[in-house]
Amino acid sequence: MLLSSCREKKEEVFNNTIAVKIVNAQEKFLDNELSSFGTISYKLKNDITALVEGTIYSFPVKDGQYIKSGSVIARLRNLQLEIQKSQCLSSIEAAKASYDLTSAQYNESVLAVESKLLSIEKSELTIKQKEVEFKSKQKTFEKQKSLYEIGGVTDYNIEQLELELGSLETELKILRKEQEISCLGFRKEDLIFNGIVPSEDDETFHKQIVELNTRTANAQVASAKAQLDSAEQQLKSVELLLEQLTIKSPVSGIVGQKYYENGEYVNENEKILTLIDTSSVDAVIYIQEKDIVNFSIGTQVNIEIPSLNKNVKSTISEISPIADSQSGNFSVKASIGNSDNLIKPGMFVKCRFQKNEPEQFPCIPNTAIIQGTDNSAKVICVIKNYAVIKNITIKEQKNGYVWISDGIEKNEIIVNNPSPFIREGQLVEIIK
């Protein structure tokens with residue numbers, strides 16, 4: 001009787017129905033994002049140097065000050081360059097005077113050559129006139145000689161005519177020699193000797209003769225012009241160096257550090273200022289080793305800057321090739337435009353990365369989980385009104401829900417908030 005009584009009570013407890021609330025496993029998209037944190041870092045750093053040595057007499061910028069591209073950063077003074085400029089100006093004045101003098105001398109040489117050419121032409125005319133006179137006198141002598149032979153002219157007259165004729169002949173020879181002397185340097189053979197082909201055109205030949213006989217003067221003009229050009233070029237060089245004493249910012253940015261103050265002497269190519277270019281900044285984010293394999297350069301990232309209440313979309317521009325030795329994380333950089341200069345280096349950022357395309361998985365509230373870990377857990381399913389315990393594999397847990405990659409299927413009935421007294425195989429009653 002005692003054994004029979006115990007068996008009846010046990011069967012009664014086992015067959016007791018327990019009321020449960022349920023949920024259906026619904027397929028939902030898993031937005032496979034990774035959230036992380038990071039900071040803003042400057043992208044470029046520019047060290048501005050003094051190209052010319054000098055003493056700083058104006059250095060108006062301050063640490064942390066924002067500077068626009070082209071703004072004057074500092075002004076230096078170099079007394080030696082100022083003295084060199086004065087010397088160059090004096091040299092230019094002297095060179096100009098020398099150039100003007102040689103130019104005038106060249107013009108005078110041209111006129112002298114022109115004058116000599118005219119003189120040669122005049123000499124030729126004189127020779128022609130003397131030749132005419134000589135021929136006329138010679139005819140007169142021949143006539144008088146004929147008269148002399150018949151006694152019509154005295155010996156004295158014949159002797160006088162002979163003297164006059166000889167005098168004219170001698171004078172004619174002297175004129176021809178003088179013309180030969182005057183023509184030295186004005187002949188075709190002189191042109192040929194100096195490498196100039198004589199032209200058949202009279203005007204061109206005239207120019208060739210002028211050029212030949214003014215070479216020295218022309219060379220002096222060219223030399224004076226070269227000296228003037230050299231002096232002007234030297235002045236330009238000094239002025240260019242003096243311009244470099246006014247140091248301007250090549251880019252826009254924030255003054256990171258000043259290395260000199262007013263009154264200090266700066267050597268050539270010395271760094272005087274470090275300027276941080278903030279026209280574009282980087283968001284530096286750290287990602288764990290297990291997640292870095294899901295990302296590559298070009299992966300889209302959503303960046304939130306809480307201090308500015310600003311959201312920015314960007315892409316990964318750089319991934320460190322080596323993990324940090326202490327944390328084991330990889331640093332990732334994403335570029336952000338900063339034309340308004342509101343984003344400052346050091347600001348805190350929140351980032352969300354899309355690992356891959358969203359997938360659908362059975363999803364249930366996390367209140368339906370029993371004996372759960374990070375990757376696996378158990379749930380109680382209702383099959384034909386009986387409780388059945390199943391092992392599941394967890395894909396992701398967030399926002400109060402669990403996405404399951406293995407263990408249950410879509411639309412399966414799961415006990416929500418299961419009682420610890422439920423046993424597998426127990427009859428359940430579903431309540432709303």
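**Loops, strands and a helix**

Colleague: Where does Asn269 lie?
Modeller: Asn269 is in the loop between S9 and S10; strands here are DSSP runs of E with at least two residues, helices are runs of H or I with at least four, and both are numbered from the N terminus. This is a predicted model, in which local features need pLDDT of at least 70 and side-chain atom pairs count only at pLDDT 80 or more, while totals for chains, interfaces and linings use all residues. Residues are numbered from 1 along each chain as its sequence is written, and side-chain values use heavy atoms, with hydrogens and water left out.

Colleague: What is the phi of Asn269?
Modeller: Near 65°, which is a positive value in a residue other than glycine. Asn411 also has a positive phi, near 70°, and sits in the loop between strand S18 (401-406) and strand S19 (413-416).

Colleague: Which strand holds Asp277?
Modeller: Strand S10, residues 270-287.

Colleague: Turning to S14, which residues are on its covered face?
Modeller: In strand S14 (residues 348-354), Val349, Cys351 and Phe353 form the covered face, whereas Phe348, Lys350, Arg352 and Gln354 form the uncovered one. In a regular strand the side chains alternate between the two faces of the sheet.

Colleague: How many bridges pair S3 with S14?
Modeller: Strand S3 (residues 33-50) and S14 pair in the antiparallel sense over 7 bridges; two strands pair if DSSP finds at least two bridges between them. Ser35 has Arg352 of S14 as its bridge partner. Strand S11 (residues 300-305) is also antiparallel to S14, joined by 4 bridges, and Ile303 stands opposite Cys351.

Colleague: Now the helix: how many residues has H3?
Modeller: H3 (residues 155-182) has 28 residues, and its first and last C-alpha are 40 Å apart, close to the 40 Å expected at 1.5 Å a residue. The expected span is 1.5 Å times one less than the number of residues.

Colleague: Which of the residues in H3 are buried?
Modeller: Ile158, Leu161, Leu165, Leu168, Leu172, Leu175 and Gln179. Helix H2 (79-149) is part of what covers the buried residues of H3. An α-helix has 3.6 residues a turn, so residues three or four places apart point the same way.

Note on methods. Buried < 20%, exposed > 50% of the residue type's maximum accessible area, 1.4 Å probe, protein only. Contact = heavy atoms within 4.5 Å.
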